[in-house]
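Hi,

Here is the structure I promised to pass on.

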Amino acid sequence: MICKSYQNIMLKRGMSLAEVVMAIAVIAFSIPLILAATGGAHRSRQDAEADTRSAWLVRDVQRIINNEWSEIAQPFVPKISFPFPSGDSSEATMELAYKQDGTLITDEDIDQAVYLVTVEAGTYMTNANHSTASSLALITINIQYPAKAAPNNRKKLTYQFVSAREGIL
């Protein structure tokens, strides 16, 4: 008697077509959501990594500028000529490119660029009512990444600092 009722339960233990369709619908709905969340997390990680790298690049550019404008040049800092703004020219511009790991790129390796850095230096006015230029420069560093993306699709970060010929104040 126990065996017969067990056999009856086993024979009736199947899934209806409605249950199968419902299970497929739940899976079809949830898998794209999971994949979208995973992709968003990956992009977020890449943006966080690039933002951190950008801060390091700004520090590197500051060292290059300070090395150029200081009285005693440091041998471990790359030598790149960047003119201090003068009365003749109110602005100076420099463009640099960096690899993914933050290494400065020379012209022949430009296809490996991930970060494009534009540095602009202008005379810094200490007082808005004062018309003569001071011996200070306002440095604006613009970092764009990824370099291979179209210009309007690049993420842009802007940093500023004030410097004198002796370096950061």
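Asn66 counts as buried because its relative accessibility is 16% (buried means under 20% relative accessible area, exposed over 50%, partly exposed in between, with a 1.4 Å probe and protein chains only). Asn66 sits in helix H2, residues 17-69 (helices are DSSP runs of H or I with at least four residues, strands are E runs of at least two, numbered from the N terminus). Its side chain makes a polar contact with the side chain of Ser163, at 3.5 Å (a pair of N or O atoms within 3.5 Å; within protein, one must be able to donate a hydrogen and the other to accept it, and residues adjacent in sequence count only if both atoms are side-chain atoms).

Before I go on: this is a predicted model, where local features need pLDDT of at least 70 and side-chain atom pairs count only at pLDDT 80 or more, while totals for chains, interfaces and linings use all residues. Residues are numbered from 1 along each chain as its sequence is written, and side-chain values use heavy atoms, leaving out hydrogens and water.

Trp69 is also in H2 and is buried, at 5% relative accessible area.

Cheers
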